[in-house]
Amino acid sequence: MKHSLSRPVALLLFAIVVVTWGSNWTITKTLVQSVSPLWTSATRSAIATVVLFVLLAARGQLVLPRRGDVPVVLAVAVLHMGAFAALVAFGLQLLPAGRSIVLGYTTPLWVAPAAWLFLREPVTGSRLAGIGLGLVGLVAMFNPLAFDWSDRDALTGNGLILLAALCWAANIVYVRAHRWISTPFQMVFWQALLATAILSVLAWWIDGVPQVDWNSGLVTAFLYTGICGTALAHWAMVMVNRSLPAVTTSLGLLATPVVGVAISAIWLDEPVSNSLIFAMAMILAGIAIGTIPSWKASAIRA
(Lines give C-alpha, C1' and ligand atoms only; values in the text may rest on other atoms or scores of the structure.)
Protein backbone atom coordinates (compact mmCIF):
# COMPACT_ATOMS: atom_id res chain seq x y z
CA MET A 1 0.00 0.00 0.00
CA LYS A 2 2.96 2.32 0.54
CA HIS A 3 4.52 1.93 -2.92
CA SER A 4 3.22 2.94 -6.33
CA LEU A 5 3.21 0.59 -9.29
CA SER A 6 4.98 1.05 -12.59
CA ARG A 7 2.78 2.73 -15.19
CA PRO A 8 2.28 -0.39 -17.39
CA VAL A 9 1.35 -2.51 -14.38
CA ALA A 10 -0.97 0.19 -13.03
CA LEU A 11 -2.71 0.53 -16.41
CA LEU A 12 -3.14 -3.24 -16.67
CA LEU A 13 -4.57 -3.40 -13.14
CA PHE A 14 -6.86 -0.47 -13.94
CA ALA A 15 -8.15 -2.22 -17.07
CA ILE A 16 -8.89 -5.33 -15.01
CA VAL A 17 -10.85 -3.22 -12.50
CA VAL A 18 -12.92 -1.60 -15.26
CA VAL A 19 -13.76 -4.98 -16.80
CA THR A 20 -14.53 -6.47 -13.38
CA TRP A 21 -16.83 -3.62 -12.34
CA GLY A 22 -18.47 -3.59 -15.77
CA SER A 23 -19.18 -7.32 -15.66
CA ASN A 24 -20.36 -7.18 -12.04
CA TRP A 25 -23.76 -5.87 -13.14
CA THR A 26 -24.29 -8.79 -15.51
CA ILE A 27 -23.21 -11.31 -12.85
CA THR A 28 -25.57 -9.72 -10.32
CA LYS A 29 -28.37 -9.86 -12.89
CA THR A 30 -27.90 -13.63 -13.14
CA LEU A 31 -27.67 -14.05 -9.36
CA VAL A 32 -30.95 -12.30 -8.56
CA GLN A 33 -32.75 -14.75 -10.83
CA SER A 34 -31.91 -17.52 -8.33
CA VAL A 35 -31.42 -15.72 -5.00
CA SER A 36 -33.43 -12.86 -3.50
CA PRO A 37 -31.86 -9.40 -3.96
CA LEU A 38 -31.26 -8.94 -0.23
CA TRP A 39 -29.59 -12.32 0.21
CA THR A 40 -27.59 -11.73 -2.96
CA SER A 41 -26.29 -8.43 -1.58
CA ALA A 42 -25.67 -9.87 1.90
CA THR A 43 -23.79 -12.91 0.60
CA ARG A 44 -21.59 -10.87 -1.72
CA SER A 45 -20.85 -8.43 1.09
CA ALA A 46 -19.98 -11.27 3.48
CA ILE A 47 -17.49 -12.77 1.02
CA ALA A 48 -15.92 -9.35 0.44
CA THR A 49 -15.67 -8.79 4.21
CA VAL A 50 -13.67 -11.99 4.70
CA VAL A 51 -11.30 -11.16 1.84
CA LEU A 52 -10.80 -7.58 3.06
CA PHE A 53 -10.02 -8.85 6.55
CA VAL A 54 -7.33 -11.14 5.13
CA LEU A 55 -5.88 -8.36 2.95
CA LEU A 56 -5.69 -5.83 5.77
CA ALA A 57 -4.38 -8.33 8.33
CA ALA A 58 -1.70 -9.56 5.92
CA ARG A 59 -0.51 -5.99 5.34
CA GLY A 60 -0.66 -5.03 9.01
CA GLN A 61 -3.32 -2.38 8.30
CA LEU A 62 -6.18 -3.81 10.33
CA VAL A 63 -7.08 -1.18 12.92
CA LEU A 64 -10.13 -0.39 15.01
CA PRO A 65 -12.15 2.64 13.86
CA ARG A 66 -11.42 5.73 15.91
CA ARG A 67 -14.28 7.88 17.15
CA GLY A 68 -13.81 10.41 14.36
CA ASP A 69 -14.11 7.73 11.67
CA VAL A 70 -17.25 6.06 13.03
CA PRO A 71 -19.61 8.41 11.11
CA VAL A 72 -17.97 7.63 7.76
CA VAL A 73 -18.08 3.90 8.50
CA LEU A 74 -21.82 4.24 9.12
CA ALA A 75 -22.38 6.41 6.04
CA VAL A 76 -20.56 4.15 3.59
CA ALA A 77 -22.04 0.97 5.07
CA VAL A 78 -25.61 2.28 4.93
CA LEU A 79 -25.63 4.42 1.79
CA HIS A 80 -23.20 2.69 -0.56
CA MET A 81 -22.48 -0.89 0.49
CA GLY A 82 -25.99 -1.34 1.86
CA ALA A 83 -28.66 0.76 0.15
CA PHE A 84 -26.93 1.12 -3.23
CA ALA A 85 -26.14 -2.59 -3.47
CA ALA A 86 -29.64 -3.70 -2.42
CA LEU A 87 -31.49 -1.21 -4.63
CA VAL A 88 -29.39 -2.19 -7.65
CA ALA A 89 -30.08 -5.88 -6.98
CA PHE A 90 -33.84 -5.22 -6.79
CA GLY A 91 -33.68 -3.08 -9.93
CA LEU A 92 -31.80 -5.75 -11.87
CA GLN A 93 -34.68 -8.15 -11.28
CA LEU A 94 -36.81 -5.88 -13.44
CA LEU A 95 -34.40 -4.22 -15.88
CA PRO A 96 -31.75 -5.26 -18.40
CA ALA A 97 -28.23 -5.04 -16.98
CA GLY A 98 -27.10 -2.67 -19.75
CA ARG A 99 -29.78 -0.09 -19.07
CA SER A 100 -29.23 -0.43 -15.32
CA ILE A 101 -25.53 0.31 -15.45
CA VAL A 102 -26.06 3.44 -17.55
CA LEU A 103 -28.65 4.70 -15.06
CA GLY A 104 -26.42 3.76 -12.14
CA TYR A 105 -23.55 5.79 -13.53
CA THR A 106 -25.60 8.98 -13.54
CA THR A 107 -24.33 9.33 -9.95
CA PRO A 108 -21.74 12.08 -10.71
CA LEU A 109 -24.52 14.21 -12.21
CA TRP A 110 -26.23 14.35 -8.81
CA VAL A 111 -23.00 14.91 -6.87
CA ALA A 112 -22.40 18.42 -8.29
CA PRO A 113 -25.68 20.03 -7.14
CA ALA A 114 -25.53 18.18 -3.81
CA ALA A 115 -21.96 19.37 -3.23
CA TRP A 116 -23.07 22.93 -4.01
CA LEU A 117 -25.99 22.66 -1.60
CA PHE A 118 -24.24 20.96 1.32
CA LEU A 119 -20.52 21.67 0.84
CA ARG A 120 -20.79 25.08 -0.82
CA GLU A 121 -18.68 23.89 -3.74
CA PRO A 122 -19.02 26.29 -6.69
CA VAL A 123 -21.09 25.18 -9.67
CA THR A 124 -18.88 26.18 -12.58
CA GLY A 125 -19.91 26.61 -16.18
CA SER A 126 -18.35 23.26 -17.09
CA ARG A 127 -20.30 21.53 -14.34
CA LEU A 128 -23.55 23.08 -15.51
CA ALA A 129 -22.77 22.04 -19.08
CA GLY A 130 -21.99 18.53 -17.89
CA ILE A 131 -25.22 18.27 -15.93
CA GLY A 132 -27.14 19.55 -18.95
CA LEU A 133 -25.61 16.96 -21.26
CA GLY A 134 -26.27 14.21 -18.74
CA LEU A 135 -29.91 15.24 -18.39
CA VAL A 136 -30.27 15.18 -22.17
CA GLY A 137 -29.07 11.59 -22.09
CA LEU A 138 -31.44 10.77 -19.26
CA VAL A 139 -34.39 12.26 -21.14
CA ALA A 140 -33.41 10.21 -24.19
CA MET A 141 -33.67 7.02 -22.13
CA PHE A 142 -37.21 7.88 -21.06
CA ASN A 143 -38.63 9.27 -24.28
CA PRO A 144 -41.92 7.57 -25.27
CA LEU A 145 -40.36 6.08 -28.41
CA ALA A 146 -37.78 4.16 -26.36
CA PHE A 147 -39.60 3.60 -23.05
CA ASP A 148 -43.00 2.09 -22.26
CA TRP A 149 -44.50 4.34 -19.59
CA SER A 150 -47.36 1.89 -19.03
CA ASP A 151 -44.99 -0.88 -17.88
CA ARG A 152 -45.10 -0.78 -14.06
CA ASP A 153 -42.18 -3.16 -13.66
CA ALA A 154 -40.03 -0.97 -15.88
CA LEU A 155 -41.04 2.16 -13.98
CA THR A 156 -40.26 0.49 -10.64
CA GLY A 157 -36.94 -0.89 -11.85
CA ASN A 158 -35.79 2.44 -13.27
CA GLY A 159 -36.88 4.22 -10.11
CA LEU A 160 -34.91 1.79 -7.93
CA ILE A 161 -31.71 2.22 -9.95
CA LEU A 162 -32.02 6.02 -9.93
CA LEU A 163 -32.63 5.94 -6.17
CA ALA A 164 -29.50 3.79 -5.85
CA ALA A 165 -27.55 6.41 -7.81
CA LEU A 166 -28.81 9.11 -5.43
CA CYS A 167 -27.69 7.04 -2.42
CA TRP A 168 -24.25 6.67 -3.98
CA ALA A 169 -24.12 10.41 -4.66
CA ALA A 170 -25.08 11.18 -1.04
CA ASN A 171 -22.32 8.87 0.12
CA ILE A 172 -19.75 10.60 -2.11
CA VAL A 173 -20.74 14.02 -0.80
CA TYR A 174 -20.48 12.88 2.81
CA VAL A 175 -17.10 11.22 2.24
CA ARG A 176 -15.82 14.46 0.68
CA ALA A 177 -16.76 16.36 3.81
CA HIS A 178 -15.33 13.80 6.23
CA ARG A 179 -12.00 14.44 7.92
CA TRP A 180 -10.23 11.11 7.86
CA ILE A 181 -8.21 9.87 10.80
CA SER A 182 -7.42 6.39 9.53
CA THR A 183 -7.02 5.80 5.80
CA PRO A 184 -10.10 4.97 3.68
CA PHE A 185 -8.71 1.53 2.92
CA GLN A 186 -8.26 0.75 6.63
CA MET A 187 -11.94 1.50 7.18
CA VAL A 188 -13.33 -0.49 4.24
CA PHE A 189 -13.35 -3.77 6.20
CA TRP A 190 -15.50 -2.25 8.95
CA GLN A 191 -17.79 -0.69 6.37
CA ALA A 192 -18.23 -4.05 4.65
CA LEU A 193 -18.74 -5.82 7.99
CA LEU A 194 -21.47 -3.41 9.07
CA ALA A 195 -23.14 -3.54 5.65
CA THR A 196 -23.13 -7.35 5.82
CA ALA A 197 -24.79 -7.28 9.23
CA ILE A 198 -27.47 -4.81 8.10
CA LEU A 199 -28.21 -6.65 4.85
CA SER A 200 -28.29 -10.04 6.57
CA VAL A 201 -30.74 -8.87 9.24
CA LEU A 202 -33.00 -7.30 6.61
CA ALA A 203 -32.82 -10.41 4.41
CA TRP A 204 -33.66 -12.70 7.33
CA TRP A 205 -36.51 -10.45 8.45
CA ILE A 206 -38.06 -9.94 4.99
CA ASP A 207 -37.16 -13.14 3.09
CA GLY A 208 -36.59 -15.61 5.91
CA VAL A 209 -34.14 -18.49 5.59
CA PRO A 210 -32.69 -18.42 2.06
CA GLN A 211 -33.99 -21.19 -0.18
CA VAL A 212 -31.19 -21.62 -2.68
CA ASP A 213 -30.55 -24.45 -5.12
CA TRP A 214 -26.76 -24.27 -4.92
CA ASN A 215 -24.67 -25.32 -7.89
CA SER A 216 -21.14 -24.68 -9.12
CA GLY A 217 -22.22 -21.80 -11.37
CA LEU A 218 -23.97 -19.98 -8.53
CA VAL A 219 -21.03 -20.45 -6.17
CA THR A 220 -18.60 -19.20 -8.83
CA ALA A 221 -20.73 -16.14 -9.51
CA PHE A 222 -20.89 -15.24 -5.81
CA LEU A 223 -17.15 -15.71 -5.37
CA TYR A 224 -16.50 -13.54 -8.41
CA THR A 225 -18.69 -10.66 -7.23
CA GLY A 226 -17.47 -10.86 -3.64
CA ILE A 227 -13.77 -11.39 -4.24
CA CYS A 228 -13.00 -9.84 -7.63
CA GLY A 229 -15.87 -7.40 -8.04
CA THR A 230 -15.77 -5.96 -4.53
CA ALA A 231 -12.78 -6.70 -2.30
CA LEU A 232 -9.90 -7.01 -4.76
CA ALA A 233 -11.30 -4.29 -7.02
CA HIS A 234 -11.35 -1.88 -4.10
CA TRP A 235 -7.76 -2.72 -3.18
CA ALA A 236 -6.72 -2.45 -6.84
CA MET A 237 -8.24 1.04 -7.18
CA VAL A 238 -6.30 2.20 -4.13
CA MET A 239 -3.11 1.01 -5.82
CA VAL A 240 -4.11 2.53 -9.17
CA ASN A 241 -4.94 5.90 -7.59
CA ARG A 242 -1.48 5.92 -6.03
CA SER A 243 0.18 5.18 -9.37
CA LEU A 244 -1.75 7.07 -12.07
CA PRO A 245 -2.79 10.72 -12.46
CA ALA A 246 -6.30 11.55 -11.26
CA VAL A 247 -7.35 12.65 -14.75
CA THR A 248 -6.39 9.23 -16.13
CA THR A 249 -8.45 7.33 -13.58
CA SER A 250 -11.38 9.77 -13.83
CA LEU A 251 -11.64 9.37 -17.59
CA GLY A 252 -10.78 5.68 -17.53
CA LEU A 253 -13.62 4.85 -15.17
CA LEU A 254 -16.04 6.18 -17.78
CA ALA A 255 -15.28 3.01 -19.73
CA THR A 256 -16.97 0.93 -17.02
CA PRO A 257 -20.59 1.36 -18.22
CA VAL A 258 -19.47 0.88 -21.83
CA VAL A 259 -17.86 -2.42 -20.87
CA GLY A 260 -20.92 -3.33 -18.82
CA VAL A 261 -23.32 -2.71 -21.72
CA ALA A 262 -21.10 -4.72 -24.09
CA ILE A 263 -20.82 -7.67 -21.68
CA SER A 264 -24.57 -7.73 -21.02
CA ALA A 265 -25.21 -7.72 -24.78
CA ILE A 266 -22.79 -10.60 -25.37
CA TRP A 267 -23.51 -12.71 -22.29
CA LEU A 268 -27.23 -12.09 -21.79
CA ASP A 269 -28.06 -11.31 -25.42
CA GLU A 270 -29.59 -7.98 -24.38
CA PRO A 271 -30.44 -5.61 -27.25
CA VAL A 272 -28.49 -2.35 -27.39
CA SER A 273 -30.79 0.30 -28.86
CA ASN A 274 -29.72 3.51 -30.54
CA SER A 275 -31.41 5.49 -27.77
CA LEU A 276 -29.32 3.67 -25.13
CA ILE A 277 -26.10 4.36 -27.04
CA PHE A 278 -27.02 8.03 -27.43
CA ALA A 279 -28.01 8.34 -23.78
CA MET A 280 -24.81 6.66 -22.62
CA ALA A 281 -22.71 8.96 -24.81
CA MET A 282 -24.44 12.08 -23.46
CA ILE A 283 -24.26 10.98 -19.82
CA LEU A 284 -20.58 10.00 -20.01
CA ALA A 285 -19.72 13.17 -21.92
CA GLY A 286 -21.53 15.18 -19.27
CA ILE A 287 -19.62 13.43 -16.50
CA ALA A 288 -16.31 14.01 -18.25
CA ILE A 289 -16.99 17.71 -18.82
CA GLY A 290 -18.49 18.30 -15.39
CA THR A 291 -16.02 16.43 -13.23
CA ILE A 292 -12.66 17.08 -14.90
CA PRO A 293 -11.33 20.55 -14.00
CA SER A 294 -10.65 22.83 -16.95
CA TRP A 295 -6.98 23.19 -16.03
CA LYS A 296 -6.56 19.53 -16.91
CA ALA A 297 -7.72 20.06 -20.48
CA SER A 298 -4.23 19.68 -21.88
CA ALA A 299 -3.79 16.37 -20.06
CA ILE A 300 -7.15 15.16 -21.36
CA ARG A 301 -6.15 15.99 -24.94
CA ALA A 302 -2.87 14.16 -24.45
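1. Start with the two phenylalanines: Phe142 and Phe147 are both buried. Keep in mind as you go through these points that this is a predicted model. The ring centres of Phe142 and Phe147 lie 5.1 Å apart and the planes meet at 65°, so this pair is edge-to-face; the cut-off for that label is over 60 degrees.

2. Phe142 has a charged partner as well. The charged end of Arg99 sits over the ring of Phe142, at 5.0 Å from the ring centre. So when you look at Phe142, check two things: the edge-to-face pairing with Phe147 and the Arg99 end over the ring.

3. On aromatics in general, I'd keep both numbers for each pair, as a pair of rings is described by the distance of the centres and the angle of the planes. The structure holds 10 aromatic pairs. Another one to look at is Phe189 with Trp190: the centres are 4.9 Å apart and the planes are at 70°, so this pair is edge-to-face too. Phe189 has a relative accessibility of 8%, which means it counts as buried, given that the limit is under 20%.

4. There is also an aromatic cluster, formed by Trp25, Phe84, Tyr105 and Trp168. Two of its members turn up again below: Trp25 is among the contacts of Ser100, and Trp168 is among those of Thr107.

5. Ser100 belongs to helix H4, which covers residues 97–104. The relative accessible area of Ser100 is 0%, so this serine is buried. Leaving aside residues up to four places away in sequence, Ser100 touches Trp25, Leu92, Leu95 and Ile161.

6. Thr107 is in helix H5, residues 107–119. What does the side chain of Thr107 reach? The backbone oxygen of Gly104, at 2.9 Å. Gly104 itself is in the range of H4, which runs over 97–104. Thr107 has 1% relative accessibility and therefore counts as buried. Beyond four places in sequence, Thr107 touches Ala165, Trp168, Ala169 and Ile172.

7. Last, the second largest pocket, with a volume of about 320 Å³. Its lining is made up of 19 residues, and the closest to the centre are Pro96, Arg99, Ala146, Pro271 and Ser273. Arg99 is the residue whose charged end sits over the Phe142 ring, so this point ties back to point 2. Which helices each supply at least two residues of the lining? H4 does, along with H7 (152–177), H11 (255–267) and H12 (274–291).

Terms used:
Residues numbered from 1 in each chain as written. Predicted model: local features only at pLDDT ≥ 70, side-chain atom pairs only at ≥ 80, totals over all residues. Heavy atoms only, no water. Helix = DSSP H or I, 4+ residues; strand = E, 2+ residues; numbered from the N terminus. Buried < 20%, exposed > 50% of the residue type's maximum accessible area, 1.4 Å probe, protein only. Polar contact = N/O pair within 3.5 Å; in protein donor to acceptor, adjacent residues only side chain to side chain. Contact = heavy atoms within 4.5 Å. Phe/Tyr/Trp six-rings, centres within 6.5 Å; stacked < 30°, edge-to-face > 60°. Lys NZ or Arg CZ within 6 Å of the ring centre and 35° of its normal. 1 Å grid on protein atoms, 1.4 Å probe; cavity = no way out; pocket = protein on both sides within 12 Å on 5 of 7 lines; lining within 4 Å. Points joined across faces, edges and corners; volume = space filled by probe spheres on them.
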